[in-house]
Amino acid sequence: VVISIQNEREWHRLCAEVLEQPALASKPEFGDNDARVRNRAALNDAMSAVFSKITRSLALAVSDTGVL
């Protein structure tokens with residue numbers, strides 16, 4: 001599964017609908033693309049905590065809905 005965020009709207013949607021952490025999108029360290037790149041390790045940790053709990057089947061099913 002590849003996640004590609006193309007704009008801030010998609011970033012906010014990913015945080016809210018997939019990660020179920022809408023506040024993550026507003027944190028200064030993740031607030032825009034430059035900040036996310038600078039803080040990639042912390043972002044990877046936050047996302048891994050969520051994605052490590054879902055199955056491949058669920059990730060694929062969600063991706064078919066257009067959310068992922």
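Guide: A nonpolar core is a set of buried Ala, Val, Leu, Ile, Met, Phe, Trp, Tyr and Cys residues joined through side-chain atoms within 4.5 Å. Buried means under 20% relative accessible area, exposed over 50%, and partly exposed in between, with a 1.4 Å probe and protein chains only. The structure above is a predicted model, in which local features need pLDDT of at least 70 and side-chain atom pairs count only at pLDDT 80 or more, while totals for chains, interfaces and linings use all residues. Residues are numbered from 1 along each chain as its sequence is written, and side-chain values use heavy atoms, with hydrogens and water left out.

Visitor: In what order do the elements of the chain run from the N terminus?
Guide: The secondary structure comes to 4 helices and 0 strands; helices (H or I, at least four residues) and strands (E, at least two) are DSSP runs, numbered from the N terminus. From that end on, the order of the elements is α-α-α-α.

Visitor: What percentage of the residues in the chain is buried?
Guide: The chain has 68 residues. Of these, the buried share is 22%.

Visitor: Which elements give two or more residues to the largest nonpolar core?
Guide: This core has 12 residues, namely Trp11, Leu14, Cys15, Val18, Leu19, Leu24, Ala25, Phe30, Leu43, Ala46, Met47 and Val50. The elements with two or more residues in the core are helix H1 (8-18) and helix H3 (40-51).

Visitor: Why do the buried residues of H1 lie on the same side of the helix?
Guide: The buried residues in H1 are Trp11, Leu14, Cys15 and Val18.

Visitor: Against which helices do the buried residues of H1 pack?
Guide: Leu14, in helix H1, is buried, with a relative accessible area of 3%. Trp11, also found in helix H1, counts as buried at 1% relative accessibility. The buried residues of H1 pack against H2 and H3.

Visitor: How far apart in space are Trp11 and Leu24, C-alpha to C-alpha?
Guide: Leaving aside neighbours within four places in sequence, Trp11 is in contact (heavy atoms within 4.5 Å) with Ile5, Leu24, Ala25, Phe30, Arg36 and Leu43. Trp11 and Leu24 are 13 residues apart in sequence. From C-alpha to C-alpha, their separation is 9.5 Å.

Visitor: Is Arg36 buried or exposed?
Guide: Arg36 belongs to helix H2 (residues 33-38). Not counting residues up to four places away in sequence, Arg36 touches Glu8, Trp11, Glu29, Phe30, Gly31 and Leu43. With a relative accessibility of 7%, Arg36 counts as buried.

Visitor: Which element supplies the largest share of the lining of the largest pocket?
Guide: A pocket is an open set of points on a 1 Å grid over the protein atoms alone, where a 1.4 Å probe fits, with protein on both sides within 12 Å along at least five of seven lines; lining residues have an atom within 4 Å of a point. The largest pocket is lined by 17 residues, and nearest its centre lie Ile5, Arg36, Arg40, Leu43 and Met47. Two or more lining residues come from each of H1, H2 and H3. The largest share, 6 residues, comes from H3.

Visitor: What is the phi of Glu20?
Guide: Glu20 is found in the loop between H1 and H2 and is exposed, with a relative accessible area of 64%. Most residues other than glycine have a negative phi. Glu20 has a positive value instead, near 55°.
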